[in-house]
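Hello,

Here is the structure I said I would pass on. Please open it and keep it beside you while you read my notes below.

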Amino acid sequence: MKRQTPQNRDLTARWAPQTQMVRAGTYRSELGEMAEAVYLTSGFAYETAEEAEARFEGTAEGFTYSRQSNPGLAMLEERMAVLEGADIGRATATGMAAMTASLLCQLKAGDHVVAARALFGSCRWLVDTLLPRFGIETTVIDGTDAGAWERAVKPNTRVFFTESPSNPTLEIVDLKTVADIAHSHGARLVVDNVFATPVLQKPMDLGADVVTYSTTKHIDGQGRCLGGMVLASRDFDEDHLFPYYRHTGCAMSPFNAWVMLKGLETLSLRVHAMCDGAEAIAGFLDGRVPGVRHPSLASFPQKALSDAQMTRGGTIVTFTLDGGRDQAFRFLNALEIMDISNNLGDSRSIATHPWSTTHKALAEEDRLALGITPGLIRLSIGLEAPRDLIKDIDRALAAAGL
Ligand SMILES: *Cc1c(COP(=O)(O)O)cnc(C)c1O
């Protein structure tokens, strides 16, 4: 399979992110197709038995089986790795497959993990329920408190795990400081960068060792396919990630990889347009309803930190209605444009009630400790005209008695 141009890292790493998102990692077959081909094949044939042997030994280049790699996945992995500034990527079937792989591939019984308490619901389940089941100790802390990370460290601490901004309360973790603490104790920092996207935040530049995505969110960005990605160094891949990945079967479908490649081409355009909308809607809501959170607002409690580590505030806005679940449901049921759903990063704006859906699995006191109250609404701003969304929100707030 011929490369499109003499495309190597020395070239693609110098490109601007917009160019990388369209072109990095592209392979073209001898047919010269413009769009990336979809290689819907489970396996690959060899010219000779010697060739098969050499590929299995790793002494000859080429694919063997799509559980391990596939041309479409390789294109997506290289494109995202170049964009992130990572050596390698491994594309997984879902975001949760990526989160699970990033942790289990490097942990064993007797190890200890420190995690921020403000995590996506299923990530909290990994930390609170799955890891302890295999003898891996976990400590959950307030990730916004740098001292809490330091205090939680034990001699067997191997991994720090966090999101920033967090889902859904937009807590910002000081990634540089937390990475330095992890490294001073010989631990690695794993960052779930879903909310920020690679367009707005580069955790590896701040010291993260492993970056994970649910590509289901902004990277597909059009609500079609599930997917995930783990990005790391070549050493981490050889020692930990690839052995886990190839033998446990968490690979992304080649068709989904093709959809994600198409999504990446427009990622920067979409994320910036969605940030424009989120800023306009946060500005409208601030003063209209209580507890509006978006990093672009002067009232945002961690504004200086978010300005320092993200280029923009992101595509999610949250607020809290004093009337609790009833008022939140009246608001949601009155929306005419925005959908009631639980995805995010979609071109369609989505309103979510985290208390009763995405974070329902968390114990009530854990939800309340995180600021996930029955009145909390999470808005994922899409690509519709902000003017239409503001009218929709305004009308639904009035229907909820505001
Ligand atoms: C959605 C999400 C995940 C899980 O991704 P899936 O693709 O749904 O498995 C993990 N972390 C965060 C922050 C998310 O928003």
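Helix α12 (residues 267-285) and helix α16 (residues 386-399) have axes that come within 10 Å and cross at roughly 35°. The crossing of α12 and α16 is right-handed. Bear in mind that this is a predicted model. Two packed helices are described by the angle between their axes and the distance between the axes.

Which residues of α12 and α16 meet? From α12 come Gly277, Ala280, Ile281, Phe284 and Leu285. From α16 come Pro386, Leu389, Ile390, Ile393, Asp394 and Leu397. Nine residues of this contact are nonpolar, one is polar and one is charged.

**More on α12**

The 19 residues of α12 should span 27 Å at 1.5 Å a residue. The end C-alpha atoms of α12 are 26 Å apart, which agrees.

Several residues of α12 are buried, including Leu267, Val271, Met274 and Ala278. What do the buried residues of α12 pack against? Their partners are α2 (17-23), α9 (197-200), α11 (254-265), β10, β13 (376-380) and α16. After α12 comes Gly287, with a positive phi near 100°.

Cys275 lies in α12. Is Cys275 buried or exposed? Its relative accessible area is 0%, so Cys275 is buried. Leaving out residues up to four places away in sequence, Cys275 touches Leu200, Arg312, Gly314 and Thr315.

Asn333 is 58 residues from Cys275 along the chain, and their C-alpha atoms are separated by 25 Å.

Asn333 sits in helix α14 (residues 324-334). Asn333 has a relative accessible area of 60%, so it is exposed.

**A buried strand residue**

Thr318 belongs to strand β10 (residues 316-320). Thr318 counts as buried because its relative accessibility is 0%. Not counting residues up to four places away in sequence, Thr318 touches Pro168, Gly291, Val292, Arg293, Leu376, Ile377 and Arg378.

Most residues other than glycine have a negative phi, and most peptide bonds are trans. Some places here depart from that.

Look at the loop between β6 (157-163) and α8 (175-184), where Pro165 is found. The peptide bond from Ser164 to Pro165 is cis, with omega near -10°. Pro168 lies in the loop between β6 and α8 too. Asn167 and Pro168 are joined by a cis peptide bond, with omega about 0°.

Leu170 is also in the loop between β6 and α8. Phi of Leu170 is positive, near 55°, and Leu170 is not a glycine. With a relative accessible area of 2%, Leu170 is buried.

Thr197 is in helix α9. Thr197 is not a glycine, yet its phi is positive at about 65°. Thr197 counts as buried at 2% relative accessibility.

**Helix α4**

How many of the 14 residues of α4 are buried? The count is 13, so the helix is mostly covered, with buried meaning under 20% relative accessible area. Helix α4 (residues 71-84) should span 20 Å at 1.5 Å a residue, and its end C-alpha atoms are 20 Å apart, which agrees.

At the start of α4, a side-chain oxygen of Asn70 comes to within 2.9 Å of the backbone nitrogen of Gly72. Just after α4, Gly85 has a positive phi of about 80°.

Best wishes

Conventions. Residues are numbered from 1 along each chain as its sequence is written. This is a predicted model: local features need pLDDT of at least 70, side-chain atom pairs count only at pLDDT 80 or more; totals for chains, interfaces and linings use all residues. Side-chain values use heavy atoms; hydrogens and water are left out. Helices (H or I, at least four residues) and strands (E, at least two) are DSSP runs, numbered from the N terminus. The expected span of a helix is 1.5 Å times one less than its number of residues. Buried means under 20% relative accessible area, exposed over 50%, partly exposed in between (1.4 Å probe, protein chains only). A polar contact is a pair of N or O atoms within 3.5 Å; within protein, one must be able to donate a hydrogen and the other to accept it, and residues adjacent in sequence count only if both atoms are side-chain atoms. Axes are lines fitted to C-alpha atoms, for helices over the stretch in contact, and angles run from 0 to 180 degrees between N-to-C directions. A crossing is left-handed if the near helix is turned anticlockwise from the far one by less than a right angle, and right-handed if clockwise. Contact means heavy atoms within 4.5 Å. Ala, Val, Leu, Ile, Met, Phe, Trp, Tyr, Cys and Pro count as nonpolar, Asp, Glu, Lys and Arg as charged, and the others, Gly among them, as polar.
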